[in-house]
Amino acid sequence: MVESSAPVITVDGPGGSGKGTITQMLARKLGWHLLDSGALYRLTALAAVRQGVSLDDEAGLVKVAAGLDVSFEPTPAGEPVKVILAGQDVTADIRTESAGDNASKVAVIQSVRDALLQRQRDFRQTPGLVADGRDMGTVVFPDAPVKIFLTASAEERAQRRYSQLKDAGVDVNIDALLEEIRVRDERDMNRSAAPLKPADDAQVIDSTGLSIEEVLDRCMAAAGQA
């Protein structure tokens with residue numbers, strides 16, 4: 001049960017759709033708190049690996065999830081939110097392709113999702129919260145006054161990720177990235193636990209071919225209803 005009456009704007013959608021950038025920009029403009037829910041699954045997977053817990057050890061993963069010591073710190077525009085795990089900056093560690101793949105595997109386990117559910121809801125504090133994820137509007141904050149589902153074509157999302165990695169000096173194959181994105185989309189959309197889909201009352205925004213400023217404008221227009 002959600003205990004706080006603070007308003008929430010949920011921003012759901014597949015990986016690479018621009019959710020992370022948009023939620024940070026919205027939170028800064030509104031002066032609201034920010035929740036990067038996807039990071040919690042990445043953090044659970046990372047912490048499990050570091051603690052020697054197998055990703056198919058359900059009981060072990062639940063224990064890891066329940067004991068996560070995590071905080072988010074705002075960063076300048078264009079940079080990912082800083083993620084602190086047990087006092088250590090793990091922002092880069094959880095943004096790798098393998099971390100994303102591990103997070104997707106962990107996220108299909110209902111008991112792990114249950115362990116993280118209240119943790120996510122605890123981020124709902126005044127003056128408001130912008131929540132980034134895949135099931136923020138459907139499961140975590142079903143009463144949110146504004147729900148956005150941000151999407152983009154798999155090809156565009158692969159190109160964005162390719163550009164990010166190349167800029168970071170990482171040698172990567174765009175065809176392999178595209179295949180990884182399609183496989184992850186398929187798994188996320190067809191999982192039994194909170195499948196990736198727009199909430200019935202969500203506003204769907206397709207960012208394919210749009211600049212980040214154009215996407216932000218559309219999201220701010222939606223946020224005006226919060």
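At what angle do helix H2 and helix H5 pack, and how far apart are their axes? In this predicted model, in which local features need pLDDT of at least 70, side-chain atom pairs count only at pLDDT 80 or more, and totals for chains, interfaces and linings use all residues, the angle between H2 (residues 37–50) and H5 (residues 110–121) is about 135° and the axes lie 11 Å apart. Residues are numbered from 1 along each chain as its sequence is written, and side-chain values use heavy atoms, with hydrogens and water left out. Helices (H or I, at least four residues) and strands (E, at least two) are DSSP runs numbered from the N terminus. Axes are lines fitted to C-alpha atoms, for helices over the stretch in contact, and angles run from 0 to 180 degrees between N-to-C directions.

H2 and H5 are therefore oblique to each other; angles under 35 degrees count as roughly parallel, over 145 as roughly antiparallel, 65 to 115 as roughly perpendicular and the rest as oblique. On the H2 side, Ser37, Leu40, Tyr41 and Thr44 meet Val112, Arg113, Leu116 and Gln120 of H5, contact being defined as heavy atoms within 4.5 Å. Four residues of this contact are nonpolar, three are polar and one is charged. In this classification Ala, Val, Leu, Ile, Met, Phe, Trp, Tyr, Cys and Pro are nonpolar, Asp, Glu, Lys and Arg are charged, and the others, Gly among them, are polar.

Glutamine 120, in H5, counts as buried at 1% relative accessibility (buried, under 20% relative accessible area; exposed, over 50%; partly exposed, in between; 1.4 Å probe, protein chains only). Not counting residues up to four places away in sequence, glutamine 120 touches Leu35, Ser37, Leu40, Tyr41, Met136, Val140 and Phe141.

H2 also packs against helix H3 (residues 58–66), at an angle of about 115° and with the axes 9 Å apart. That makes H2 roughly perpendicular to H3. This crossing, too, is right-handed. Thr44, Ala47 and Ala48 of H2 meet Leu61, Val64 and Ala65 of H3, a contact with five nonpolar, one polar and no charged residues. H2 and H3 are among the elements that cover the buried residues of H4, as are H5 and H8. In H4 (residues 97–107), the buried residues are Ala99, Gly100, Asn102, Ala103, Ser104, Val106 and Ala107.

The largest nonpolar core has 54 residues, of which Leu35, Leu43, Phe72, Val83 and Phe141 touch the most other members. Such a core is a set of buried Ala, Val, Leu, Ile, Met, Phe, Trp, Tyr and Cys residues joined through side-chain atoms within 4.5 Å. H2 gives the most to this core, with eight residues. Beyond four places in sequence, valine 83 is in contact with Leu43, Val70, Ser71, Phe72, Gln88, Asp89, Val90, Thr91 and Ile94.

Proline 14 is in the loop between strand S1 (8–12) and helix H1 (19–30) and, at 5% relative accessibility, counts as buried. Its contacts, neighbours within four places in sequence aside, are Lys19, Arg134, Phe149, Leu150, Thr151, Arg157, Asp185 and Leu196. Aspartate 185 is in helix H8 (residues 174–190) and counts as buried at 11% relative accessibility. With neighbours within four places in sequence left aside, aspartate 185 is in contact with Pro14 and Arg157.

Terms used: Left-handed = near helix turned anticlockwise from the far one by under 90°.
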